[in-house]
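Have the viewer open and follow along.

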Amino acid sequence: MVLNYIWIAFFVMAAVCAVIRCAGGDTYVFSEIINSTFDNSKTAFDISLGLTGVLSLWMGVMRVGEKGGVVDKLSKVLSPVFTRLFPDIPKGHPATGHIFMNIAANMLGLDNAATPLGLKAMESMQQLNTEGNERLAAENGWSEQQKAKANTIATNPMIMFLVLNTSGLTIIPVSIMVYRAQMGAAQPTDIFVPILLATLAATLAGIVAVSLYQRINLLQPVLLATLGGLCTLVAGVVWAFSKMDKDMTDMVSGMVANVTLFAIILCFILCAAVRKVNVYEAFVEGAKDGFSTAVRVIPYLVAILVAIGVFRASGGMDLLIGGINMCVESAGMNADFVPALPTALMKPLSGSGARGMMVDTMQTFGADSFAGRLSCIFQGSTDTTFYILAVYFGSVGIRDTRHAVTCGLIADAAGIAAAVAIAYLFFG
């Protein structure tokens, strides 16, 4: 619903800007707008067509990892941490396993597996919520109406789970690297390490925000060790790259990204082979999903790129960016990050909208420009907060989201701020 209003707004604002330009004597503005619709439709189709092969490759690799038990092993490794982040879930309850699997699938970029696992986790947590409310109703003499209302209020575990999802912690940002390759980036993987650092910052901010609201003790040894380790990792990487010049940063970042990705692929294949999985058939099975995913994205990409193209051709985008740029410069700040901001502003509202903004930024300024790279880091630093909240809470009838939106937006803000700082460190 939000994206519907945003899409309409692009055309309405474009019309207003075009009329103003036309009144000022620019009689070619409507011709530019119509030409942009054809050009961006073709661009969207070309990108989607180019996605097919690479997306099929990575979906096939991911399926091999799934069949090889990598997701299951990762969930076991994370178990000591997540049991302390979800203290209201009884030990051994099925919801715990679903949460672990969803988070692990998200970290590995297994979107197709992550969503159904996430919905199953919400269903399990809602079952706990309903059972708890049944007990409270019996003890306090609640009416059926009071009991029904209580079942629509988000629980603490639900909120922590949702914020972990909205913070977008992903180890392998496959789709972003694919888009960069399609847009002609010299080194499509050069944003791998920056995205990892930015999404870690968003995740840590989300965990701290929810923990403060829910009074979860983060000073427990296991949590301290985990969060401290993540902070140390981020600080260490930032320190190491701050000592390098730009050429060295590009070389090391690309090498680390490529070695890590190849090591993950090899790990997936070897784990599957050890479990006697037919690796080839598992790969083909996953690759089929990649093909269908690439086809499904075409209409969405056409819709959002055409809307953005119309808004840009009308001069509306220049006015927006120019206004923000003027405010930033008047404050004495470096404004190189401003052209990439539309991606960051769109991301909490719509994944496809933010993806369109990212592609548009790379198309306008170049895939290897500072703005083009930063837009990719924005895209990978967080997830679509409002979409995730709507889908997951809506699936179990939750209406009162309590502090979920606030904590989700705090994680988004941390991810955006970290993305800007990291982009200046790596590419500034």
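## Cysteines

The sulfur of Cys271 is 3.9 Å from the closest cysteine sulfur, in Cys267, and that is too far for a bond. For a disulfide, two cysteine sulfur atoms have to be within 2.5 Å. Searching the whole structure turns up zero disulfides. Cys267 is in none, with the sulfur of Cys271 as its nearest cysteine sulfur.

What about burial? Buried means under 20% relative accessible area, exposed means over 50%, and partly exposed is what lies in between (1.4 Å probe, protein chains only). Cys271 counts as buried because its relative accessibility is 16%, while Cys267, at 35%, counts as partly exposed.

## Ground rules

This is a predicted model, so local features need pLDDT of at least 70 and side-chain atom pairs count only at pLDDT 80 or more, whereas totals for chains, interfaces and linings use all residues. Residues are numbered from 1 along each chain as its sequence is written, and side-chain values use heavy atoms, with hydrogens and water left out.

## Salt bridges

Take a side-chain nitrogen of Lys or Arg within 4 Å of a carboxyl oxygen of Asp or Glu as a salt bridge, and the count comes to 11. One of them pairs Lys67 with Glu285, with the closest N and O atoms 3.0 Å apart. Lys67 sits in helix 2 (residues 29–67) and Glu285 in helix 12, so this pair ties together parts 218 residues apart in sequence. Helices here are DSSP runs (H or I, at least four residues), numbered from the N terminus. Lys67 is partly exposed at 36% relative accessibility, and Glu285 is partly exposed with a relative accessible area of 36%. Helix 12 (residues 279–313) also holds Asp289, whose C-alpha atom is 7.0 Å from that of Ser56, 233 residues away along the chain.

Now for a buried set. Asp190 and Arg373 meet in a salt bridge (3.0 Å, N to O). Asp190 is in the loop between helix 8 and helix 9 and Arg373 is in helix 16 (residues 370–381), so the pair ties together parts 183 residues apart in sequence. Both Asp190 and Arg373 are buried. Salt bridges with shared partners join Arg180, Asp190, Asp368 and Arg373 into one network. Within it, Arg180 and Asp190 come to 3.2 Å between their closest N and O atoms, and Arg180 is buried with a relative accessible area of 0%.

## Helix 9

On a 1 Å grid over the protein atoms alone, a cavity is a set of points where a 1.4 Å probe fits but cannot get out, and a pocket is an open set with protein on both sides within 12 Å along at least five of seven lines; lining residues have an atom within 4 Å of a point. Grid points are joined across faces, edges and corners, and a volume is the space filled by probe spheres set on the points.

The count is one cavity of 30 Å³ or more. Helix 13 (316–330) and helix 15 (351–365) each give two or more residues to the lining of the largest cavity. About 40 Å³ of space lies in that cavity. The second largest pocket has a volume of about 240 Å³, and its lining takes four residues from helix 5, which gives the most.
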